[in-house]
Amino acid sequence: MSYSIKVDNVSKKFRHYTDKQSTLKDRVLNFGKQVIKEDWILRDINLEIAEGQAVGLVGRNGSGKSTLLKIMTKILFPDKGMLDVFGRVSSLLELGAGFHPEFTGIENIYMNASILGLSKKEIDAKLKEIISFSELGEYINQPVRIYSSGMYMRLAFSVAISVDPDILLIDEVLAVGDSAFQNKCIEKIKELKGKGKTIVIVTHDNSMVEKICDRAVWLHNGKITADGSPRDVIMEYMSFLSGEENKRLIAVQEVDNSNATTVETKQITETLETSNVESFKDTRFGNKKVEIVDVWFSDNQDELKKNFNTGESMNINIKYRVNHKTDSIVFGVGFNTSDNIYCYGTNTHIDRSININDLQGEGTLQFKIDRLLFLPGVYKLDVAVHHENGEPYDYLTHAYSFQVSSDINDVGVVRLEHSWELKG
Ligand SMILES: Nc1ncnc2c1ncn2[C@@H]1O[C@H](COP(=O)(O)OP(=O)(O)O)[C@@H](O)[C@H]1O
Ligand SMILES: [Mg+2]
């Protein structure tokens with residue numbers, strides 16, 4: 001296999017200098033000394049990228065993606081291991097890197113393209129094409145300090161592709177462009193790929209990885225955690241993210257339930273609008289003849305869960321207590337989006353599927369969903385128990401929330417189960 005980039009056992013560390021001493025004594029004893037802390041940001045990275053391959057680099061913030069691209073660009077050097085690169089590299093790293101704020105767009109084109117290896121003559125010949133691709137119009141004669149981040153990106157991308165690179169490295173910058181320009185970039189990248197160029201792209205847009213790349217690499221805490229087909233790697237990464245989110249949400253709920261809400265978790269809960277029963281006094285009403293004691297979400301194994309994937313099963317568990325014996329009890333649930341679109345509601349009376357006339361004491365009622373077809377977002381649940389004639393026992397509106405994730409990019413609120421068929 002002929003490769004264009006070979007990352008051979010590369011590790012990279014960064015030093016943090018800090019003069020923060022933790023105690024007064026430390027400060028006195030270490031006066032004037034800086035404390036040096038070293039962190040290994042990349043650890044034993046092995047990556048052979050074949051000529052003509054398009055690789056999507058994914059991973060959470062801080063996982064080392066940008067550092068790896070900078071090593072491939074040779075603006076950073078590994079502390080261990082080796083890097084081999086064959087061909088002319090053009091890279092689109094942090095926005096504005098390499099631009100001089102006081103220079104005009106045109107002046108920056110000359111500066112940048114010459115750094116990337118073009119002669120003045122070559123740039124003269126390409127100038128028109130670069131400006132036209134950037135769609136900057138008259139702004140090309142303005143200093144770039146007045147550019148928006150989208151305009152910066154347009155200029156940087158146009159220059160990066162103009163040098164006819166063998167290898168194109170792109171960090172997360174495409175996202176700042178509007179969608180029309182983004183599509184134009186994607187088309188351009190595909191065109192370069194069609195010409196056999198090697199591409200490494202960092203993005204949080206999974207669909208872009210699937211559209212452009214024939215390989216994906218997931219970097220986690222400076223290590224390669226998965227390397228394979230975009231679909232497989234992204235599925236694995238998404239399922240990891242959804243597990244992390246789930247753990248976080250459950251942790252928040254546990255803190256909530258113990259009423260030991262710290263400021264930080266309170267902020268998270270407010271953002272997600274999750275809550276326990278008590279903190280939703282405003283949106284709770286009813287005479288409590290039958291009381292909703294607790295509500296939680298679980299999977300079909302009855303494991304506690306707050307983050308679901310579209311299409312997964314979900315159980316809503318409603319713990320109740322009958323305080324006054326009564327008949328004709330009706331339980332209901334309602335689902336709202338985070339911006340208060342009421343999506344679906346039903347109750348045991350409408351459904352006629354369960355007879356709950358003479359309940360006593362405490363118990364748990366389960367609302368079971370085989371396939372939860374909401375699209376990604378945070379949803380708020382209403383839970384209610386009332387008499388068949390409407391007498392409210394306990395109503396909790398928007399009191400519980402859960403989150404939905406998905407790796408498919410259909411849009412809207414719910415997925416309609418469907419298929420496509422070509423006829424005739
Ligand atoms: N020049 C630097 N000096 C010290 N630490 C750095 C430097 N650049 C990046 N880091 C640290 O390295 C880690 C990985 O950063 P980065 O490669 O930018 O991750 P990503 O692009 O995946 O978000 C982060 O913890 C970041 O703070
Ligand atoms: Mg980065």
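1. Which strand and which helix each supply at least two residues of the shell around ligand 1? They are strand 1 (3-18) and helix 2 (65-73). Helices (H or I, at least four residues) and strands (E, at least two) are DSSP runs, numbered from the N terminus.

2. On provenance: this is a predicted model, where local features need pLDDT of at least 70, side-chain atom pairs count only at pLDDT 80 or more, and totals for chains, interfaces and linings use all residues. Residues are numbered from 1 along each chain as its sequence is written, chains are lettered from A and ligands numbered from 1 in the order written, and side-chain values use heavy atoms, without hydrogens and water.

3. The shell around ligand 1 consists of F14, H16, I41, R60, N61, G62, S63, G64, K65, S66 and T67 (a residue is near if one of its heavy atoms lies within 4 Å). Helix 2 gives the largest share, three residues. By class, two residues are nonpolar, seven polar and two charged. Gly counts as polar here.

4. A backbone N or O atom of G62 sits 2.7 Å from a ligand 1 oxygen. For G64 the corresponding distance is 3.0 Å. For a polar backbone atom of S63 it is 3.2 Å. On its own, ligand 1 has 570 Å² of accessible area, and the protein covers 62% of that (Shrake-Rupley method, 1.4 Å probe).

5. The largest pocket has a volume of about 380 Å³, the space filled by probe spheres set on the grid points. A pocket is an open set of points on a 1 Å grid over the protein atoms alone, where a 1.4 Å probe fits, with protein on both sides within 12 Å along at least five of seven lines; lining residues have an atom within 4 Å of a point.

6. That pocket is lined by 19 residues, with S91, L93, A97, N112 and L116 nearest its centre. Strand 5 gives the most, four residues. The lining has eleven nonpolar, six polar and two charged residues.

7. The structure holds 22 salt bridges (side-chain nitrogen of Lys or Arg within 4 Å of a carboxyl oxygen of Asp or Glu). One pairs K6 with E48, closest N and O atoms 3.8 Å apart. K6 is in strand 1 and E48 in strand 2 (residues 35-50), 42 residues apart.

Conventions:
Polar contact = N/O pair within 3.5 Å; in protein donor to acceptor, adjacent residues only side chain to side chain.
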